[in-house]
Amino acid sequence: MINKYNARLLLIPKLAQVLRLFGNSWSRLGDKWGREVILAQANEIISTSDFDNVKKSEPALDIIFLTMIGGHGYNTSVDIALGLALKARGHQVRFVICDQQLSACEVKKANNRKNWESLCSKCWSYGKAVYARFGLSVIKVSELIAGRSPLSDPGRWKEIVEASLLKHFGKGVLDDSPEVQSRRVEYQKSVETSHLIGEALVELNPDRVLMSHGIYSTWGPQRELLNQANVPLVTFSKCKKKHTEKFNWTTSADWWDVSNEWERVKEIPLSEEQNHQLDKYLDSRRDHSSDTLKYNFGKPESRTQTFQRLGLNDGMPTFVAYTNVLWDAASAQREIVFSDPISWIIETIQWFADHQDRQLVVKVHPAEVVIGTNQPFASIIEERIAQLPKNVRIIQPQEKVNSWSIMEIADLGLVHTSTIGMEMPLENIPCAVVSRTHYRGRGFTFDVDTKAKYFDLIENWDRNRFDEAQSKKYARRYAYLLFERYQLPWPFFHEPKHTDVRAMNFSTVEELANHPVMDLICGSVETKQDFLLPASPEEARRFWQ
């Protein structure tokens with residue numbers, strides 16, 4: 001299989017170069033022939049680029065990208081775009097790529113064990129080929145860790161191993177089957193390799209390290225070791241809005257970190273134009289027309305229609321709990337009140353079974369059918385609750401029920417880490433948060449930290465405890481910061497499907513490097529500033545051109 005793929009890496013770029021002569025666009029060629037077309041496009045970009053036509057930054061920095069998975073089309077393309085721009089600005093740029101050294105990683109899927117070796121080889125083949133075509137320097141993992149002593153404490157990264165296993169199996173809670181035990185051994189080997197990479201990077205002591213996500217066995221140990229050594233580190237990932245990217249200093253990319261700027265702007269009222277811009281985006285959230293993925297199904301309904309649809313009593317206090325995808329990094333290992341998200345929901349249902357004077361709706365996250373899961377929440381509830389109480393209604397992820405309609409029947413929302421927890425206060429609906437999430441403690445949610453406080457809040461819920469005006473004030477300021485300034489435009493790819501990059505949307509390196517948003521990102525990397533658009537909508541507009 002790998003010989004066939006290596007042949008594809010040779011033939012597709014040659015075919016694309018020929019077809020390019022007949023006036024075909026790179027995006028059209030990519031749609032037809034796949035991401036390997038980028039190898040041919042790289043030759044054209046580099047051969048027609050003038051690196052001297054980009055402003056240089058002083059001092060020149062030593063920048064290392066911890067790419068690792070060279071065959072991940074989206075993350076590799078982000079690395080290449082950033083790397084080309086930083087290189088054009090005069091910095092030394094190198095990319096650490098795994099040359100088949102990780103025993104388990106995101107490329108090696110749980111249900112495809114027999115093909116791991118060929119998938120790994122294909123990943124490495126694409127990675128080394130595409131970086132070479134763009135003229136970018138690669139550091140092989142095998143070279144980086146050669147001669148290093150094994151990890152002395154194998155259990156040091158236990159939490160990272162377990163988080164990696166959750167993603168690998170697509171579950172939130174694992175059994176102790178032979179298969180799980182076997183994969184745990186493989187992921188343990190991977191984190192040990194990643195630990196050695198982290199040690200090597202600390203010794204190299206670059207001026208900056210950039211990496212995708214910074215989580216799981218592929219990047220987690222390196223991020224923590226680099227942070228401990230105070231090596232300036234940036235993580236990045238795709239955002240909610242279409243064609244946007246977000247960047248963090250030090251934290252993993254599953255954490256939406258705007259803490260520094262929030263302290264500066266939380267007491268500053270939004271302007272009329274800012275309010276208008278925020279309202280426009282919030283309206284689009286109802287059908288996700290401006291977002292990368294669509295999670296909201298069904299058309300909005302009135303309160304009466306929603307109560308009737310769900311078979312609930314519109315005169316009874318109603319509480320709505322919103323679940324997360326169990327294996328997702330934004331959900332896993334964030335517990336404060338309960339041991340895990342499953343325990344939270346099961347214990348909440350059991351509590352409502354003993355309190356028939358109020359009712360509970362559990363809305364299972366639609367992402368279970370959008371991005372997938374091997375541990376559906378509703379199935380877990382069915383297994384653990386023999387007879388669902390009459391005052392509890394489960395909304396399946398595929399049901400065409402509009403999230404905002406469900407939100408509007410809630411007297412109090414209950415969330416683990418879901419974004420809906422910050423959206424409810426925007427609609428003047430109170431929400432209680434039981435776990436660690438980026439919007440906890442921002443002044444617009446009820447942040448409980450024990451089971452006693454959680455159940456007491458539900459039992460003695462009184463709308464008068466909710467300061468609607470103050471909550472909405474802070475929720476809107478936070479939402480503007482998060483949705484309108486933190487998510488940076490990323491127009492540099494032709495991406496016909498989610499994360500499927502088929503071509504670059506720039507013709508030369510100077511076009512890329514001189515784009516306002518790339519100038520902002522590179523400048524922030526150089527000066528260690530936060531990665532944010534200007535607060536003024538008028539000033540921010542030029543970044544979207």
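Tutor: Start at Leu414, which stands opposite Ala432 in strand S11. This is a predicted model. Leu414 belongs to strand S10, residues 412-415. On another strand, Ala321 also stands opposite Leu414.

Now look at the strand pairings. S10 and S11 (residues 431-433) run parallel and share 3 bridges. S10 also pairs with strand S7 (residues 318-322), again in the parallel sense, over 4 bridges.

Next, the side chains. In a regular strand they alternate between the two faces of the sheet. In S10, Leu412 and Leu414 point one way. Gly413 and Val415 point the other way. All four of these residues are buried.

Step back to the whole sheet. It is open and has 6 strands, in the order S9-S8-S7-S10-S11-S12. The pairing is parallel.

Follow S7 to its other neighbour. S7 and S8 (residues 359-363) pair in the parallel sense over 5 bridges.

Finally, come back to S10 and look for a helix. Helix H18 (residues 451-459) lies across S7, S10, S11 and S12. H18 runs at about 155 degrees to S10. So much for S10: its partners are S7, over 4 bridges, and S11, over 3 bridges.

Notes. Residues numbered from 1 in each chain as written. Predicted model: local features only at pLDDT ≥ 70, side-chain atom pairs only at ≥ 80, totals over all residues. Heavy atoms only, no water. Buried < 20%, exposed > 50% of the residue type's maximum accessible area, 1.4 Å probe, protein only. Helix = DSSP H or I, 4+ residues; strand = E, 2+ residues; numbered from the N terminus. Pairing = 2+ DSSP bridges. Contact = heavy atoms within 4.5 Å. Axes fitted to C-alpha atoms, helices over the stretch in contact; angles between N-to-C directions.
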